[in-house]
Amino acid sequence: EIHIKEPIEKEVNPRLLPGELLLCEASTVYKYMQEDGSNRGTYGKLVCTNFKISFLDDDSASDDNEPQFKNKIVGENDITLQCVDQIYGVYDEKKKLLTGQLRKYPEKLIIYCKDLRVFNFCLRYTKEEEVKRIVSGIVHHSQTPKLLKRLFLFSYASAAPNNTDGRNQTVMFETLEDWRDELERTKGNVKYKAVTTNEGYRVSEKLPLYFVVPICISDESILKYEGRGIPIWCWSCHNGAALLKMSTFPKEQDDSTSQMQKAFLDGIYKTISKPPYELLKLEDLSSSLPSLQDIQTAYTRFKQLFLIDNSTDFWATDVKWFSLLESTNWLEIIRRVLKKAIEVAECLEIQHTNVLLIEESATDLCCVISSLVQVMMDSYSRTKSGFQSLIQKEWVIGGHCFLDRCNHLHKSEKEEAPVFLLLLNCVWQLVQQYPPAFEFTETYLTVLSDSLYVPIFSTFFFNSQHQRDTNKSGESLKTQSGPFRFLTVWDWAVQFDPKAQAFLNNPLYAEKPKPDKSQRKTARFKHQRQLSLPLTQAKPSTKRGFFREETDHLIKNILGKRIGKFINSADEPPNSLREFYDSWHSKPVDYHGLLLPRIDGPEIKVWAQRYLRWIPEAQLHGGGTIATAAKILDLMEEVQSLQVKMDEEHSQAVSGDVHSVPMLRNSARLSSLFPFALLQRQSVKPALPTSTWKDLEDEDDLVKRDDEFVDL
């Protein structure tokens, strides 16, 4: 029974940003609540602009139910065009992927987003010509290849008033000065120099304008092969050992050319490697880590586990959760990347050896490993501004091809790979293992991953500094003519007001370096097994585990034969690595010193906040890390207000009410989906479960059994 409301007098219009144009719309669209198939939902208008797809219902007009953590740019019913992953149409209860020209229009539209939201729209009650317009409009604007200049980034930059407060504390690495300051900060200026050889991009368009190389390298050798074969400095350790990266030569058919290139490389290595004082270890990442194709395949499988249409789907996959999770191979890739970062850290810290990371372009896995090593070894990279500067240095200026890897222009699926997401997943493992060591929270990482798809910031929408500089010049509407002034994602005030920004900062950040034993003990909490893969039925002791030869057969089972060959490909036996790993983990943690992630079996977890935040069935009512954080924020605010009162009146310190109202008085009602999704209905398991459910429920109370592997 359908109740179509009387058309309301006041028209609900979309809130448009500067430069945003309404392209097509359809009224009386029915949006299903992503639920148990009861078809409940709301009527509203579906619109498509040159920036986003947006659903407007009656509630959109009122501000009563504003979420606590409101994004000022993208609302909860908004999907930016870059955030659309896949669009399906439903024809006679059959799902079909929609791309390009459509002959027949669907009665239902399902939009899967890259931030893992799922939207279900019913078009049965919409006028036919409106259905045609909106469906073909949405498919065309979000799925077909487009030109760079057609990105909303440019429309916004030319129309928006530029009144940002200029630069925040993040170092942008766009000037020579920034590089020199970084060299000084890490005491690398004794052996390394910032060079201006690439001014005007005369060496290569792939390299940044300024970068740092060993002092002994001449400008001629940088120019010789367009910067290939040149070790570029990333970071220097306190003991003088440095982390370098280098792009290799493409495979040459011509023998004499490859001989020349080999001789050139040998010469370069000789100038850097001067035993016994200066040792150099080469680390070829393309042979020791999974390929970009493997990473893309694993992530595609992994995200399918969370793009869930309804409650029934959720409980059906929940029964096979472990085997599905393992078969994606995503957690295994995270483990291997973390293990590689530990190996590099050991060379720098213990063996005082320079490490040269080698990759074909040096802009993918090199960025991941060098960033991770810096987060593990340099406490400055664990502050908010330090981490942001690190992303600028290694990724944005370092030339990671965000445009191709995120496939923002829908040019080629072959180039797509979630390399930056892989880094954020690895950093998250460290953040959840050692919360006091980081000034930012997991919510910060989640929001940063969402910002990949918001095309008003230039940060993640270019392939290189050269590409950004050449596209900066343009006719601006406001001024007569002048360069575009792009926003940077690090200006969080553009997306969040101060109240919401509080969730990005960690209230329990350990500011002063005090190695504290009591904190070390509390860090070893019981595993939350359901978000990680069990290695074996018996718990491995922490001293054994990943590096032990006896677990080889387990590793082969987990990885499949395909990747087995990588495990032992390291030049040195893993014994020294295991000793380094074990000895570090046997000592108390210094939150401002070296941090090594725990990578044995169940320690590698699923980033629950990012992947489960839209699934009501997976929420913990009144629980989860965010509820704890909200409680701590409450307490801190209370303590501050009490402090003020004590300063005011020395005598009656505690009398009277606390005047300042803390941010979140209702934290008891928060759930683990907060702050992204508000508290949702209690989920009910299906009444007639599958046979597997029956088998599970026949056993005694699951909770009382010892093996800790309880379903979600």
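## Close-up views of a predicted model

The structure holds 0 disulfides. A disulfide is a covalent bond between the sulfur atoms of two cysteines. The coordinates shown in every view belong to a predicted model.

**View 1. Two buried cysteines, Cys122 and Cys237.** Cys122 has a relative accessibility of 1% and therefore counts as buried, the cut-off being under 20%. Cys237 is likewise classed as buried, because its relative accessible area is 2%.

**View 2. An open sheet of 4 strands.** The strands follow the order S11-S12-S14-S13, and their pairing is mixed. Strand S11 (232-236) and strand S13 (280-284) form the edges, each pairing on one side only. With direction ignored, neighbouring strands of this sheet are turned against each other by 25 degrees on average.

**View 3. The pairing of S13 with S14.** Strand S14 (residues 354-359) runs parallel to S13, and 5 bridges join the two. One of the residues involved is Lys281, whose bridge partner in S14 is Val355.

**View 4. The surroundings of Asn354.** Asn354 lies in strand S14. With a relative accessible area of 2%, Asn354 is buried. Its side chain makes a polar contact with the side chain of Glu278, at 2.9 Å. Residues up to four places away in sequence aside, Asn354 touches Tyr192, Gly240, Ala241, Ala242, Ile272, Glu278, Leu279, Leu280 and Lys281. Among these contacts, Lys281 is also the residue whose bridge partner in S14 is Val355.

**View 5. Helix H12, a mostly covered helix.** Helix H12 comprises residues 365-377. Of its 13 residues, 13 are buried. At 1.5 Å a residue, the 13 residues of H12 should span 18 Å, and the end C-alpha atoms are 18 Å apart, so the two values agree.

View 6. Buried residues in H24 are Ile626, Ala627, Ala630, Ile632, Leu633, Asp634, Ser641 and Lys645. An α-helix has 3.6 residues a turn, so residues three or four places apart point the same way.

Key:
Residues numbered from 1 in each chain as written. Predicted model: local features only at pLDDT ≥ 70, side-chain atom pairs only at ≥ 80, totals over all residues. Heavy atoms only, no water. Expected span 1.5 Å × (residues − 1). Buried < 20%, exposed > 50% of the residue type's maximum accessible area, 1.4 Å probe, protein only. Pairing = 2+ DSSP bridges. Axes fitted to C-alpha atoms, helices over the stretch in contact; angles between N-to-C directions. Disulfide = S-S within 2.5 Å. Polar contact = N/O pair within 3.5 Å; in protein donor to acceptor, adjacent residues only side chain to side chain. Contact = heavy atoms within 4.5 Å.
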